[in-house]
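Subject: Structure for you to look at

Hello,

Here is the structure I said I would pass on. My notes on it follow below.

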Amino acid sequence: MTAKPKLHLHIGRHKCGTSSLQRFLTHNSDALAALGYHYPETLRAPYAHHPVAHFYMAQDATSAEPPTHIAEFWKVLADKACSVVSSEAFQNIDPETLVPALAAFDLSVIIYVREPLDYLFSAYAQRVKAGNTDARLEQYAASFYVPYNDFVMAWQQAFPAARLCVRVFERAKLVRSDVRYDFLNLIGLPEESWHRLDIAREDGNPSIGGDLLEFVRTLVPHKDTLGEAWWQLYAAVQTLALRHEAFRAKPAMPLEAQQLVRRRHHDQLVDFERNFLREGITLAVRDFPDESYRESITLADFDMILDQIIEIDGQLRPWLAPVAETIRNGLR
C-alpha cells in the first residue's frame, strides 16, 4: 500500500506567533522544499494560505464539489510527499467542512494557544490595528470568550486519525524559546538541518499598546475614507511599535475585570489542559497591573504620534491630514 502524503496543517491561533512563522516559511520555501517540505506558493497571500481557509468559511464550502482553484490546491499537495499549509483563518471554520478535502492525507493539525487574558489583550490590539473595531477595551472584554476545549475537541472529532499537536505559546515552553524552531520540531525536520534555514530575528506582527493603540482606535471610524491607505498606515504603525516599547504595552484593565475574564474561561481551561496538554503543562497565569480603563488620547499625544507616522511614510500625509483635522476637533 502506498503511504498517504503527509500534511501539516497549522491553524493558529492568531496572535500566537503566526505572522513570524508564516514569513519564515515563505522566505525559506525553497530551502524547505529541498529538505522535503512543500510550502505551496499557490493561494498564499502573501505569506499564509488565507484564501483556502476563507473558502471553507463561506457558505458554498459545504457544496459537494469545491471550485477548481481549491480542488487543484489539494490535488497538487496530494502529489507531494510532505506539505505544510498555514492560516489562522482555519480557526474560524467548522472542521467538518474540510474532511472530504483532507481524506487523502496523513494529517497533523498544529495549534498554538495562549492564556485567555493575555490572548484578549493581543486579540483586541490586533482588531484595532486592522481597523475591525473602535470599541473600548471594556466593551470588547465584556463578550470575549474562547472555548479552547470545545475548539480543539471539534478538530479531534472531525479528524480522529490525525496527529493533534497543541502547544502553549509561551517562550519558556517553546523549543529554543522560538515558535519557528518549535514548529520545525513539530513537523519532524531533523535539528541537524535547521542551520540550512534563515531564521532572522523579527516580530512579524507586534501587538500595539499605550498611546499608539488609542491613536489607531480614533482612526478606525475613518477606515473607509482612508481606503487602501489603511494598510500603509498598518505597516507604519508596526514599524513605530517596534521602535518604542511603550507602544507595545498591554492596555490598562482593572483587576476585577481581569478576574472576570479568567473566571469565564475557568471550566473550559480545566478540561482543555486535562484533555490536550501533556501532564504538568498548563497555561501560565501572568499578573497584569490593576489599572482603570483608559478613556482616550490627548491632543498633544495624537499629534506627536501622527508626526512619527508621517515621518515613517510620507505618502500617508495627504490621506491622514483631513481625517486628523476631524479627530483633532473632537479632542480639543
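**Surface and overall shape**

The protein chain exposes about 16000 Å², and carbon and sulfur atoms supply 49% of that area. Accessible areas come from the Shrake-Rupley method with a 1.4 Å probe, and for residues only the protein chains shown count as cover.

Please note that this is a predicted model, in which local features need pLDDT of at least 70 and side-chain atom pairs count only at pLDDT 80 or more, while totals for chains, interfaces and linings use all residues. Residues are numbered from 1 along each chain as its sequence is written, and side-chain values use heavy atoms, with hydrogens and water left out.

The secondary structure of the chain comes to 15 helices and 4 strands (DSSP runs numbered from the N terminus: H or I of at least four residues for helices, E of at least two for strands). The chain is as compact as a globular protein of 332 residues, because its radius of gyration of 21 Å is close to the 20 Å from the globule rule (taken over C-alpha atoms; the rule is 2.2 Å times the number of residues to the power 0.38). Along the principal axes, the C-alpha atoms fill a box of roughly 75 × 45 × 45 Å.

Of the 332 residues, 52% are buried (under 20% relative accessible area, with exposed being over 50% and partly exposed in between; 1.4 Å probe, protein chains only). Among contacts (heavy atoms within 4.5 Å) with a separation of 6 or more, 80% are between residues 24 or more positions apart.

**A covered helix**

Helix α10 (residues 210-219) is mostly covered, with 8 of its 10 residues buried. Among them are Leu-212, Leu-213, Phe-215 and Val-216, as well as Asp-211, Glu-214 and Arg-217. The buried residues of α10 pack against α6 (116-129), α11 (223-226), α12 (229-243), α14 (299-312) and α15 (317-331).

**Two phenylalanines in loops**

Phe-144 is in the loop between α7 (137-142) and α8 (148-158). With a relative accessible area of 7%, Phe-144 is buried. Leaving aside neighbours within four places in sequence, Phe-144 is in contact with Pro-116, Tyr-119, Leu-120, Ala-123, Arg-264 and His-265. Phe-144 and Val-261 are 117 residues apart in sequence, but their C-alpha atoms are 7.6 Å apart.

Phe-169 is in the loop between β4 (163-168) and α9 (179-186). Phe-169 counts as partly exposed, at 22% relative accessibility. Beyond its neighbours within four places in sequence, its contacts include Lys-15, Cys-16, Gly-17 and Tyr-112.

**Backbone details**

Lys-15 is in the loop between β1 and α1. At 8% relative accessibility Lys-15 counts as buried, and its phi is positive, about 65 degrees, although it is not a glycine.

The loop between α2 (29-34) and α3 (50-57) holds Pro-46. The peptide bond from Ala-45 to Pro-46 is cis, with omega near -20 degrees. Leu-43 is in the loop between α2 and α3, and its phi is also positive, near 60 degrees.

Regards
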